[in-house]
Amino acid sequence: MEGGAQCLANSARLTSVIFLERAARVYGDKVSIVYGEVSFSWRKTLERCLKVASALVQMGISRGDTVS
């Protein structure tokens, strides 16, 4: 990283799950998605993503599988 020392705050791995968990914690009820007349908060977005992930696992889908 240019211009500063590397530390946990600027070098921690950011996965999509970690991003969603943090956004839900920090921004909770603020709008994350707007689709026409429908909108979701960051908290609801995390909840929905975890439900989809859980459903995929229950169907036997795992890392490396192709889903279309």
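This is a predicted model: local features need pLDDT of at least 70, side-chain atom pairs count only at pLDDT 80 or more; totals for chains, interfaces and linings use all residues.
Q: Which residues is Thr-45 in contact with, leaving aside its neighbours within four places in sequence?
A: Thr-45 has its place in helix 3. With the neighbours within four places left out, its contacts are with Leu-20, Ser-32, Ile-33 and Phe-40.

Q: How are helix 2 and helix 3 oriented: roughly parallel, roughly perpendicular, oblique or roughly antiparallel?
A: Helix 2 covers residues 16–27 and helix 3 covers residues 42–58; they pack at an angle of about 150 degrees, with axes 8 Å apart. Angles over 145 degrees count as roughly antiparallel. The angle therefore makes the orientation of helix 2 to helix 3 roughly antiparallel.

Q: What is the handedness of the crossing where helix 2 passes helix 3?
A: The two helices pack with their axes 8 Å apart. Where helix 2 passes helix 3, the crossing is left-handed.

Q: How do the residues of the contact of helix 2 with helix 3 divide into nonpolar, polar and charged?
A: From helix 2 come Phe-19, Leu-20, Glu-21, Ala-23, Ala-24 and Tyr-27. They meet Trp-42, Arg-43, Thr-45, Leu-46 and Cys-49 in helix 3. By class, the residues of this contact are eight nonpolar, one polar and two charged.

Q: Is Ala-55 buried, partly exposed or exposed?
A: Ala-55 is found in helix 3. Its relative accessible area is 34%. Buried means under 20% and exposed means over 50%, with partly exposed in between. Ala-55 is therefore partly exposed.

Q: What distance separates the C-alpha atoms of Ala-55 and Thr-45?
A: Ala-55 is in helix 3, and Thr-45 is in helix 3. They are 10 residues apart along the chain, and their C-alpha atoms are separated by 15 Å.

Q: How far apart in space are Gly-64 and Ile-18, C-alpha to C-alpha?
A: Gly-64 lies in the segment after helix 3 and is exposed, with a relative accessible area of 72%. Gly-64 and Ile-18 are 46 residues apart in sequence, and from C-alpha to C-alpha they are apart by 20 Å.

Q: What distance lies between the end C-alpha atoms of residues 20–67?
A: UniProt, in an unreviewed entry, lists residues 20–67 as "domain: AMP-dependent synthetase/ligase". Over residues 20–67 the chain is 52% helix and 19% strand. The end C-alpha atoms are apart by 21 Å.

Technical notes
Residues are numbered from 1 along each chain as its sequence is written. Side-chain values use heavy atoms; hydrogens and water are left out. Axes are lines fitted to C-alpha atoms, for helices over the stretch in contact, and angles run from 0 to 180 degrees between N-to-C directions. Helices (H or I, at least four residues) and strands (E, at least two) are DSSP runs, numbered from the N terminus. Angles under 35 degrees count as roughly parallel, over 145 as roughly antiparallel, 65 to 115 as roughly perpendicular and the rest as oblique. A crossing is left-handed if the near helix is turned anticlockwise from the far one by less than a right angle, and right-handed if clockwise. Contact means heavy atoms within 4.5 Å. Ala, Val, Leu, Ile, Met, Phe, Trp, Tyr, Cys and Pro count as nonpolar, Asp, Glu, Lys and Arg as charged, and the others, Gly among them, as polar. Buried means under 20% relative accessible area, exposed over 50%, partly exposed in between (1.4 Å probe, protein chains only). UniProt positions are given in the numbering used here, feature names are shortened, and annotations may be inferred rather than shown by experiment.
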